[in-house]
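I opened my notebook to look up the surface of this chain first. Then I turned to its overall form and one residue.

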Amino acid sequence: MAVREILAGMPWWVKWVAIPVIALFVFGGLITSVVGFLVGLLFKVLLFVALVGGLVFVVRKFMTSSTSKSDW
């Protein structure tokens, strides 16, 4: 409650410009490392899904071609 009272007397630019800029300056390295980790994790998950999907496609392709040859 005390923070709201302190911020109530401040101009709008302090609340909406100065405080976020200070937060980015202080926590910028942490924010970029977390975002970088999440982007890297998302890339690895998408790569895993693509590789597993490709493997399933190739195995099904060979399974259907080998069963059609054995039908002869």
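I looked up the surface first: the protein chain exposes about 6800 Å², with 80% of that supplied by carbon and sulfur atoms. Accessible areas here use the Shrake-Rupley method with a 1.4 Å probe.

I noted that this is a predicted model, where local features need pLDDT of at least 70. Residues are numbered from 1 along each chain.

Next I checked burial. Buried residues (under 20% relative accessible area) make up 3% of the 72 residues.

Then I looked at the form. I found two helices (DSSP runs of H or I, at least four residues) and zero strands (E, at least two). The radius of gyration, taken over C-alpha atoms, is 27 Å, well over the 11 Å from the globule rule (2.2 Å times the number of residues to the power 0.38), so the chain is more spread out than a compact globule. I read the C-alpha spans as about 85 × 20 × 20 Å along the principal axes.

Last, I picked Val56, found in helix H2 (residues 12–70). Val56 is partly exposed at 40% relative accessibility, between the 20% and 50% cut-offs. From Val56 to Leu38 I noted 18 residues in sequence and 27 Å in space, C-alpha to C-alpha.

How values were computed. This is a predicted model: local features need pLDDT of at least 70, side-chain atom pairs count only at pLDDT 80 or more; totals for chains, interfaces and linings use all residues. Side-chain values use heavy atoms; hydrogens and water are left out. Buried means under 20% relative accessible area, exposed over 50%, partly exposed in between (1.4 Å probe, protein chains only).
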